[in-house]
Amino acid sequence: MNGNPQTDAAPPKARNRRSTPRKPVDEPAELRLLHPSCVLACRILDLGLGGCRVRTEDRFLAGIMTRLEVVFTVKGVNFRLTGVTQWTDRRNLVGIRFLEMTERRKDALAEALSEVIAEPLP
């Protein structure tokens, strides 16, 4: 310790600003960027009604506020959801917020997530 309270203090915890909780998953997926048009293979690491976090196979350089579609399957249900990137580590992790989801899609995703929650841990 150097006696400086500004440098000795533990870093503040990041505030969770999500409106809905996310559940850990590990599912293959695709990111389909709309402009420029390209498809990136990825895996969904966590998923909620409001968005997801993915790890891309290749570096993700598009940055934040990039409009895209996330295509994946959870519990046998196929999803193709429109979203926007909220953050990226400029490497392989991307946070995505879903946009314009219909009530029917939201209900289907909620049901799939409830099945994920009900699964016993390995």
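1. The model is predicted: local features need pLDDT of at least 70 and side-chain atom pairs count only at pLDDT 80 or more, while totals for chains, interfaces and linings use all residues. Residues are numbered from 1 along each chain as its sequence is written, and side-chain values use heavy atoms, with hydrogens and water left out.

2. Six strands form a closed barrel in the order β1-β2-β3-β6-β5-β4, with antiparallel pairing. From one strand to the next the twist averages 45 degrees. Strands are DSSP runs of E of at least two residues, and helices runs of H or I of at least four, numbered from the N terminus; two strands pair if DSSP finds at least two bridges between them.

3. β4 and β5 pair in the antiparallel sense over eight bridges. Valine 70 stands opposite leucine 81 in β5.

4. Helix α2 (residues 103-118) lies across β1, β2, β4, β5 and β6, and runs at about 90 degrees to β5. Axes are lines fitted to C-alpha atoms, for helices over the stretch in contact (heavy atoms within 4.5 Å), and angles run from 0 to 180 degrees between N-to-C directions.

5. Glycine 83 lies in strand β5 (residues 77-88). Glycine 83 counts as buried because its relative accessibility is 0% (buried is under 20% relative accessible area, exposed over 50%, partly exposed in between, with a 1.4 Å probe and protein chains only). Phenylalanine 98 is 15 residues from glycine 83 in sequence, yet the C-alpha to C-alpha distance is 4.1 Å.

6. Methionine 65, in the loop between β3 (51-56) and β4 (67-74), counts as exposed at 54% relative accessibility.
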